[in-house]
Amino acid sequence: MPELPEVETIRIGLSALLPGRRVIDVAHDWPKSFPNAESDVQRFLVGATITDIRRRAKVLIVGLDSKYSLVIHLKMTGQLVFRSAAVNFGAGHPTDSLVGELPDKSTRVIFAFEDGSKLFFNDQRKFGWVRLLPTIEVEELDFFKKVGPEPLADTFTADDFVTRLMCRPKSGIKAVLLDQTIIAGIGNIYADESLWAAKIHPLTRVMDVPKTKLKTLYTELCHILRLSIEKGGFTDRNYVNHEGKRGSYLPFAQVFRREGQPCPRHPNTTIIKIRAAGRGTHICPACQQY
DNA sequence: CACTTGACCTGTCCGC
DNA sequence: TGCGGACAGGTCAAGT
């Protein structure tokens, strides 16, 4: 469930905490969560110092001074929570954290640093993963070779957005928004929110949406993504930031998880939940006509 | 080529 | 209270 704004929130938080820290130990209990050769871990991760943290689409890339990088995908329920030794085990345990003392039963990987602090990769459903790769091979991963442009990049325009969507003219527009090879970073929440904002039914074929409406969709999408980053991401049971805290975007969501409630634009119309592109999809039947 | 379904997993919630 | 099943929704692979 972490999408672009949630992953970006985690990147910003960890960027202030991790660079300069040296890894002294790594523990993991589920091979699919950490599918790396033990010899690589000992040679290129243990003893290495973190240099920087980047994001591409919904993926985090943690640079190391060993010419290797950690590539992390949180998928549905992944969390990256940083704890100093004092906070995790001391008397001043934060009561506003949704996550208790770590590790817990969803902890899959633990990175221990020289000063006693730790980074915990938790993942209830075990879909996420952490891969250790030579930095020069990261961009050669299939995912990175195929992934589409970043919607918030300075160089990306509304015209570019329309051109990208028109790669799939006959597909339903929600399926295209969710396709990471067309545009990077959009998931179920922000697809529903931006389609409502632009008054487009999610099953409409891309070619049947007027170009002006597609440009409106881009404007709304960027606005929503930026607002959510500002609010620290979506509020959800599974999503927490680097401190184990929730985001505060929920009050700004207009349709997502609001089935049965009135549409903000049409007080007499109830938001309904349908299926589109195989996902639960929230729409206002008055705003978003098929 | 477009689209759907299943797989990967665990936890929660709903109806009986 | 327990139990089966639907559901959550990111990505890839396989099937229609």
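How many bridges join strand 2 to strand 3, and do the two strands run parallel or antiparallel?

A: The model is a predicted one. In it, strand 2 and strand 3 are joined by six bridges, and the two strands run antiparallel. One pair can be picked out by name: R55 has L60 of strand 3 as its bridge partner. In general, the strands of a sheet pair through backbone hydrogen bonds, and this can happen in a parallel or an antiparallel way.

The pair belongs to a wider arrangement. Four strands make up an open sheet with the order 2-3-4-8, and their pairing is antiparallel. Strand 2 (50-56) and strand 8 (129-134) are the edge strands, each of them pairing on one side only. If direction is ignored, neighbouring strands of this sheet are turned against each other by 20° on average.

Two helices pack on the sheet. Helix 1, residues 4-15, touches strand 2 and strand 3, and its direction makes about 165° with that of strand 2. Helix 2, residues 38-45, touches strand 3, strand 4 (68-73) and strand 8, and its direction makes about 65° with that of strand 8.

V62 sits in strand 3, which covers residues 59-64. V62 counts as buried because it has 24 C-beta neighbours inside 10 Å, and 20 or more are enough for that label. Setting aside neighbours within four places in sequence, V62 is in contact with L18, I50, I53, S69, L70 and I72. R257 gives a contrast: V62 and R257 are 195 residues apart in sequence, and their C-alpha atoms are 33 Å apart in space.

The model has another open sheet of four strands, in the order 1-6-7-5, again with antiparallel pairing. Its edge strands are strand 1 (23-28) and strand 5 (78-83), and each pairs on one side only. The twist from one strand to the next averages 15°. Strand 1 and strand 6 (residues 107-113) run antiparallel and are joined by five bridges. Within strand 6, A112 stands opposite D25.

Some loops have backbone details that deserve a look. The loop between helix 3 (85-89) and strand 6 holds P103, and the peptide bond that joins L102 and P103 is cis, with omega about 5°. The loop between strand 7 (118-123) and strand 8 holds K126. Phi of K126 is near 65°, a positive value in a residue that is not glycine. K126 has 15 C-beta neighbours inside 10 Å, so this residue counts as partly exposed.

Of the 13 residues around DNA strand B, the ones that come nearest are R125, K126, K170, S171 and G278. By class, the surface near DNA strand B has three nonpolar, four polar and six charged residues. Around DNA strand C there are 15 residues, of which K58, F143, G187, N188 and G280 come nearest. The surface near DNA strand C divides into six nonpolar, four polar and five charged residues. Helix 5 (142-146) and strand 10 (279-283) each supply at least two residues of that surface.

Another part to compare is helix 6, residues 158-165, whose buried residues are F161, R164 and L165. These three cover an arc of only 95° around the axis, so they are on the same side of helix 6. The face turned away from this buried side carries D159 and T163, which are exposed. Helix 7 (173-178) and helix 9 (211-230) are among the elements that cover the buried residues of helix 6.

K199 is not a glycine, yet its phi is positive, about 60°. K199 is partly exposed because 16 other C-beta atoms are within 10 Å.

Note on methods: Residues are numbered from 1 along each chain as its sequence is written. Chains are lettered from A and ligands numbered from 1 in the order in which they are written. This is a predicted model: local features need pLDDT of at least 70, side-chain atom pairs count only at pLDDT 80 or more; totals for chains, interfaces and linings use all residues. A residue is near a molecule or strand if its C-beta atom, placed from the backbone, lies within 6 Å of it. Ala, Val, Leu, Ile, Met, Phe, Trp, Tyr, Cys and Pro count as nonpolar, Asp, Glu, Lys and Arg as charged, and the others, Gly among them, as polar. A residue is buried if 20 or more other C-beta atoms lie within 10 Å of its own, exposed if 12 or fewer, and partly exposed in between; C-beta atoms are placed from the backbone. Two residues are in contact if their C-beta atoms, placed from the backbone, lie within 7 Å. The arc is that of the directions from the helix axis to the C-beta atoms. Two strands pair if DSSP finds at least two bridges between them. Axes are lines fitted to C-alpha atoms, for helices over the stretch in contact, and angles run from 0 to 180 degrees between N-to-C directions.
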